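Hi,

Here is the structure I promised to pass on.

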Amino acid sequence: MESLNALPASCETVGMGIDYRQLVRGDRVHASLLHDSEVFVEEMERIFVRGWAFVGHESEIKGNGDWVKRQLGNESVIMVRADDGNVNVLSNRCAHRGTALCWEHSGNAAFFQCTYHNWRFGLDGSLRAVPFPDGYSKPKAALGLDRAGQVASYRGFVFANLDGRAGSIDEHLGDAGYELIDRLCEMSPTGRVDLSKGWIGHRVQSNWKLWPESDSDGYHVGFVHASMSASTDTYYDDVAVGGDAVKSSRAVDYGKGHLELDWRPSYKQELSWLGVTRERVETYIAALSKRVGEDSAQQMLWDGPPHAFLFPNLFLGETVIAIVEPVSPTEMIHRHTAVQFEGADDAFNERLLRQTEAAVGPASFITTDDAITAERVQAGVSGAATSWAESGKGWIDLSRGLHRETIDASGVRSSDASDETTNRGFWYRYLEIMSEERSD
């Protein structure tokens, strides 16, 4: 079986002296990667500046002038719909003296104006007005806001590359990334989803990389979320908690850091993912069937939307969307919002909203359980020194299921849902990015 160490010969370790090949192995990673400040600086540059990352959804900025504030690594950005209807991703930083332009999470504006010296910028980032302009000899065109070098949208999901040299979005998402987004959107009666209900953020004292792992980890469900299983009946009891379900549900690594816990083989009835019977959502089923046909709708009602992670920061959690937002080596924010299906009746979308609150809201089971677990992991790894790697100390084991992992002709790896195939898949992509050499 191919090892995580088996990268192309052209990939060489570069940077500030960190040898990532020595810290990421086929069956384990070194704990120092979860708290080292030098590592964090390189991650923000290589992953969130040089690479593609999820920014937001077009439904959040329906009208011209609508904007939302987001964080890509260390960079605060504004996703805005311009006067021409295009979506721009701009630096939330005045080009004059660096003052943050937007403080609220969202809004509508005809322009962005700095509160320091009243410089005014258009929705495309261009400098429009400067008080007392005779004090400047530079042309306005040279003093606009920094813009993301590449912006791409697929079915409303907006991705950006700040650097502008990350290659195409096709290379980043690959067939699997597109297919996972498709599976979610196709559940809507119109084929479109809406993410405009607002985002709730949980600030957690843990490294950001613990959350792609947790969101795609099928091993912990029956232990960390035991109180949820004891107090309420959810489909996780059938698909992820012990018995045959653990073997029929699959942990899948599609490559490029895109991962899925595929619950579909373990569902015992249609609409298990929604927790209701057909009679409760007949209007939704009729609307979906009208678009895709009854046979296709029937299969979709069994399969449900995906439980997947798209590298580096987008979680598709059935009917929940979450963003993983790094803050520091030991702090991050997990933001989530409820998926709304365009064309579904109000009662159905209200159900999706309330289920999101129950699953991952401030008083929920899942996010609060995962947050305290992540903080306990962080406390456990905080003392592991990079220099310990050679002596065999400070390692985190990721070997579960490696002996029974399979790989198909297209390179997709899979194993039992409780195996760490997804965890290894995240670190495989991480190692590729953190150890590759790029010519500028």
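Glu186 is partly exposed, with a relative accessible area of 26%. This residue forms a salt bridge with Arg155, and the closest N and O atoms are 2.7 Å apart. The pair links distant parts of the chain. Glu186 sits in the loop between α2 and β12 (193-194), Arg155 in the loop between β10 and β11, 31 residues apart. Bear in mind that the model is predicted.

Arg155 has another partner. Its side chain also meets that of Asp182 in a salt bridge, at 3.0 Å from N to O. Asp182 belongs to helix α2 (residues 169-185), while Arg155 is in the loop between β10 (150-154) and β11 (157-161), so this pair ties together parts that are 27 residues apart in sequence. How accessible is Arg155? Arg155 is partly exposed, at a relative accessible area of 28%. Asp182 is partly exposed too, at 22%. The cut-off for buried is under 20%, so Asp182 at 22% does not count as buried.

Now to helix α10 (residues 346-360). Glu357 and Arg354 are 3 residues apart there, so about one helical turn separates them. They form a salt bridge, with 2.7 Å between the closest N and O atoms. Glu357 is partly exposed, with a relative accessible area of 40%. Arg354 is partly exposed, also at 40%.

Salt bridges with shared partners join Arg250, Arg400, Arg404, Asp416 and Asp419.

For the overall tally, a search of the whole structure finds 31 salt bridges.

Best wishes

Conventions: Residues numbered from 1 in each chain as written. Predicted model: local features only at pLDDT ≥ 70, side-chain atom pairs only at ≥ 80, totals over all residues. Heavy atoms only, no water. Salt bridge = Lys/Arg side-chain N within 4 Å of Asp/Glu carboxyl O. Helix = DSSP H or I, 4+ residues; strand = E, 2+ residues; numbered from the N terminus. Buried < 20%, exposed > 50% of the residue type's maximum accessible area, 1.4 Å probe, protein only.
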